[in-house]
Amino acid sequence: RILVIGASGQIGVELTLALRKIYGNNNVVASDLREENELLKGTGPYVSIDVMNKEMLHVQVIRQNITQIYLLAAILSATGEKNPNLAWHLNMQGLLNVLDIAREEKIYKVYWPSSIAVFGPTSPKQNCPQQTIIEPTTVYGISKYAGEFWCNYYHQRYQVDVRSLRYPGLISYKSAPGGGTTDYAVEIYHEALEEKKYTCFLREDTYLPMMYMPDAIRATIELMEAPAVQISTRTSYNVSAMSFSPKEISAAIKNYIPEFTINYEPDYRQSIADSWPQSIDDAVARNDWGWKPEYDLNKMTKDMLENLRQQ
Ligand code: VAH
């Protein structure tokens with residue numbers, strides 16, 4: 001059985017629904033510190049778990065007959081800069097609790113997301129490769145990079161089959177993002193429909209690597225279902241789909257909502273965005289397990305607006 005920790009978050013909701021479709025509702029136990037997300041209600045078992053409480057988590061893993069764990073609970077880049085100690089503690093200790101329980105209980109597979117936020121100002125800005133100079137300058141990036149080495153360590157030393165993807169900014173309509181620097185790219189669709197205007201907290205020319213949630217969910221499942229022999233990277237894989245700026249996503253939206261207008265009021269998140277690469281090289285993921293994105297900016301924009309209109 002699969003346990004999803006952080007199932008009520010932006011990725012967790014969609015990953016839980018996707019995993020339930022594949023493995024059956026009752027075989028995917030959703031958990032979060034927060035109460036069950038509306039979209040999950042009635043689709044399968046839900047337990048309240050605090051990933052920081054290792055003993056309680058261990059009891060649930062045994063009681064629920066868990067054989068795979070997806071750990072999505074984390075504090076993201078923007079919130080992390082407001083609460084550095086909490087972000088470090090939750091992101092790091094949560095992972096260590098899961099890895100140690102996976103070792104003790106011989107859990108079959110573990111998934112843990114990293115992020116392109118591991119890269120810092122000294123990493124290449126264009127086509128940033130899998131291995132390069134990596135000097136994160138946010139607490140979130142530091143915790144994700146450190147976590148990658150812990151995943152590699154638990155695989156090497158204890159043969160825990162833990163796998164990871166460095167997600168770019170993720171855009172979705174089913175679930176709200178939580179405290180990320182790339183969240184503008186989700187907010188803008190909601191505001192375009194509701195207000196026909198948006199005040200963007202990043203400069204118009206801020207290019208960032210992005211991915212539509214359906215691609216991110218498929219990448220996660222394809223990675224987890226790949227034969228272990230194909231997995232050459234036990235820190236975390238670069239994956240990429242597109243890069244765009246607020247100016248470009250506004251133009252894409254204007255194709256559907258011509259009267260949409262945007263203005264810019266950069267805030268503290270601008271310096272976080274400026275520290276990250278503008279585009280990512282995901283050749284290793286493509287070679288190892290056949291990664292290939294399906295959504296570009298226009299296809300995503302069409303799908304986002306159609307689905308948000310129906311909500
Ligand atoms: C964030 N959405 O903004 C996350 C992501 C690459 C960005 O890690 O913090």
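Select Arg163 and Asp161 to begin: their side chains meet in a salt bridge, with an N to O distance of 2.8 Å. The term salt bridge denotes a side-chain nitrogen of Lys or Arg within 4 Å of a carboxyl oxygen of Asp or Glu. Both Arg163 and Asp161 are buried. Buried is used for a relative accessible area under 20%, exposed for over 50%, and partly exposed for values in between, with a 1.4 Å probe and protein chains only.

This is a predicted model, in which local features need pLDDT of at least 70 and side-chain atom pairs count only at pLDDT 80 or more, while totals for chains, interfaces and linings use all residues. Residues are numbered from 1 along each chain as its sequence is written, and side-chain values use heavy atoms, with hydrogens and water left out.

Proceed to Ser164, in the loop between strand S7 (162-163) and strand S8 (165-167). Helices (H or I, at least four residues) and strands (E, at least two) are DSSP runs, numbered from the N terminus. Is Ser164 buried or exposed? Ser164 is classed as buried because its relative accessible area is 2%. Display the side chain of Ser236 as well: a polar contact of 2.7 Å joins it to the side chain of Ser164. A polar contact is a pair of N or O atoms within 3.5 Å; within protein, one must be able to donate a hydrogen and the other to accept it, and residues adjacent in sequence count only if both atoms are side-chain atoms.

**Two positive phi angles**

Select Gln159, in the loop between helix H5 (139-158) and S7. Its phi is positive, at about 60°, although Gln159 is not a glycine. Gln159 counts as exposed because its relative accessibility is 59%.

Lys106 is the next selection, in the loop between helix H4 (84-104) and strand S5 (109-111). Here phi is near 50°, a positive value in a residue other than glycine. The relative accessibility of Lys106 is 71%, so Lys106 counts as exposed.

**Further salt bridges**

By the rule given above, the count comes to 15 salt bridges. Select Arg218 and Glu222, whose side chains meet in one of them at 3.2 Å, N to O. Both residues lie in helix H7 (residues 213-225), 4 residues apart, which is about one turn of the helix. Glu222 is partly exposed, as its relative accessible area is 28%.

Arg203 and Asp205 provide another pair, with the closest N and O atoms of their salt bridge 3.2 Å apart. Arg203 counts as partly exposed because its relative accessibility is 36%. Asp205 also counts as partly exposed, at 44% relative accessibility.

Move to Arg269 in helix H9 (residues 269-274). The side chain of Arg269 makes a polar contact of 2.6 Å with the side chain of Asp267. With a relative accessible area of 17%, Arg269 is buried.

In helix H10 (residues 283-289), select Asp288. At 16% relative accessibility, Asp288 counts as buried. How far apart in space are the C-alpha atoms of Asp288 and Leu223? They are 9.3 Å apart, while the two residues are 65 residues apart in sequence.

**The loops on either side of H3**

Select Leu76, in the loop between strand S4 (68-71) and H3. Leu76 is partly exposed, at 23% relative accessibility. A distance of 9.4 Å separates its C-alpha atom from that of Ala117, 41 residues apart along the chain.

Asn83 is found in the loop between helix H3 (77-82) and H4. Asn83 counts as partly exposed because its relative accessibility is 32%.

**A charged patch**

For the last stop, select Glu187, Glu191, Glu194 and Glu195, which gather in a patch of negative charge on the surface. Glu187 lies in helix H6 (residues 184-194), and counts as partly exposed at 30% relative accessibility. Patches are made of residues with over 30% relative accessible area and no salt bridge, with like charges joined within 9 Å and nonpolar side chains (Val, Leu, Ile, Met, Phe, Trp, Tyr) within 5 Å. Asp and Glu count as negative, Lys and Arg as positive, and His and the chain ends are not counted.

Technical notes
Accessible areas come from the Shrake-Rupley method with a 1.4 Å probe; for residues, only the protein chains shown count as cover. The place of a charge is taken as NZ of Lys, CZ of Arg, CG of Asp or CD of Glu.
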